[in-house]
Amino acid sequence: MKVTQHIENANGKPLFSFEILPPLKGQNIQSIFDSIDPLMEFNPPFIDVTYHREEYEFKELPSGLLQKKIVKKRPGTVGICAGIQNKYDVDAIPHILCGGFTKEDTENLLIDLDFLGIDNVVALRGDALKNEIYFRPEKEGNEYASELVTQIHNLNKGIYLDEDLQNSSCTNFCIGVAGYPEKHMEAPSVDSDIHFLKQKIKNGADYIITQMFFDNKRFFDFVAKCRAAGITVPIIPGLKPIATKKQLNLIPHRFKVDLPDELIMAVVKAKDNEAVKEIGVEWCVEQSKGLVAAGFPVLHYYSMGKAENIKAIAKEVF
Ligand code: FAD
């Protein structure tokens, strides 16, 4: 079922959902099920599975020369989605990227997903590769998520890349896109970012799911700006509980989001990571309760494969 349909059917009751990462190459799919099982009691209508493109690594040869190696550390997004839908009564939502895909690759991926009975996708651009400053699309690929949305929306209307295939079978994907309450790291301003976010909606996206944030006021301001810009689709807040002291530096660096001083000082003063986990859960519970009170239809948690703290939050909120 489509995310938009789940929201409609819930009749205002807040829904719980979460995101997982495929395991590192070499691990078993059981590790994924082990991270989902403890959260099923909260009846998530859908679970997102991230996509990880290949990366370039340089390996030093005995001669001292550097050999460029292409590695895909977390493959398996599509297989995991199929596995989840097979095992649980839940919709699995693969994230799909512009980066690393030609438009033809994307079309073939969408056909696979459709055949697997997957009704939803999240359409993303993807980040620049580690050794690149700017994101570079494939030669025959989509450059921005808005173009990827157009491609998916076209396939929903039976418009394939090959003109000879017109009037063929249509897909029927519900399309989610990313939004950034504190703006995307490359965007020159919040307003320009919202301008391009609106483009994704105009091109056919059905809902927005946001980057993590730790201050609800930033999210509420973002939503108000989206609404003022004429964006009317559901906006799903993304939440992550802090779990380690290291994340105080990692999260702002990696995701370009601010942490409130009160949260920072509480984590700094915590005696160990067990205490940090408790602080992270408490903070996230307060955020979640504020979002439920404000009437947001779904709360989406970045579980990163760690169920324990998400379960502690869900127990208090759902
Ligand atoms: P876009 O919407 O294309 O925007 C990228 C930048 O370009 C923005 O600054 C925007 O303002 C600007 N822009 C957009 N259109 C135009 C235009 N026409 N002209 C000029 N500028 C423009 N990454 C992964 O690799 N795998 C994942 O599974 C994944 N999941 C994610 C889930 C969520 C909820 C979020 C918030 C992010 C996720 N990401 C993931 C990270 C994401 O791929 C990066 O943040 C990426 O840098 C931007 O993706 P986007 O879809 O927001 O890009």
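## Terms and model

A residue counts as buried if 20 or more other C-beta atoms lie within 10 Å of its own, as exposed if 12 or fewer do, and as partly exposed in between, with C-beta atoms placed from the backbone. The structure is a predicted model, in which local features need pLDDT of at least 70 and side-chain atom pairs count only at pLDDT 80 or more, while totals for chains, interfaces and linings use all residues. Residue numbers start from 1 along each chain as its sequence is written. Helices (H or I, at least four residues) and strands (E, at least two) are DSSP runs numbered from the N terminus.

## Barrel

Eight strands close into a barrel with parallel pairing, in the order β1-β2-β5-β6-β7-β8-β9-β10; strands pair if DSSP finds at least two bridges between them. Neighbouring strands of this sheet are turned by 30° against each other on average, direction ignored, with axes being lines fitted to C-alpha atoms. β1 and β10 run parallel and are joined by five bridges. F18 stands opposite Y301 in β10.

## Ligand shell

The ligand has 22 residues around it, and T50, H95, R125, A145 and A178 come nearest. Near here means that the C-beta atom, placed from the backbone, lies within 6 Å. At least two shell residues each come from β5 (91-97), α5 (145-156), α6 (190-202) and β8 (207-212); α6 gives the largest share, four residues.

By type, the shell holds nine nonpolar, eight polar and five charged residues. Ala, Val, Leu, Ile, Met, Phe, Trp, Tyr, Cys and Pro count as nonpolar, Asp, Glu, Lys and Arg as charged, and the others, Gly among them, as polar.

## Helix α11

In helix α11 (residues 307-317), the buried residues are A307, N309, I310, I313, A314 and V317. They lie on the same side of α11 because they cover an arc of only 165° around the axis, taken from the directions from the helix axis to the C-beta atoms. These buried residues pack against β1 (15-20), α2 (30-36), α10 (273-293) and β10 (298-302), where contact means C-beta atoms, placed from the backbone, within 7 Å.

Strand β4 (residues 66-71) pairs with β3 in the antiparallel sense over six bridges, and K59 has Q67 in β4 as its bridge partner. Five residues separate the two strands of this hairpin, and G64 in the turn has a positive phi of about 95°.

## Positive phi in loops

Most residues other than glycine have a negative phi. M304, in the loop between β10 and α11, has a positive phi near 50° and is partly exposed, with 17 other C-beta atoms within 10 Å. K256 has a positive phi near 55°.

Terms used. Contact = placed C-beta atoms within 7 Å. Axes fitted to C-alpha atoms, helices over the stretch in contact; angles between N-to-C directions.
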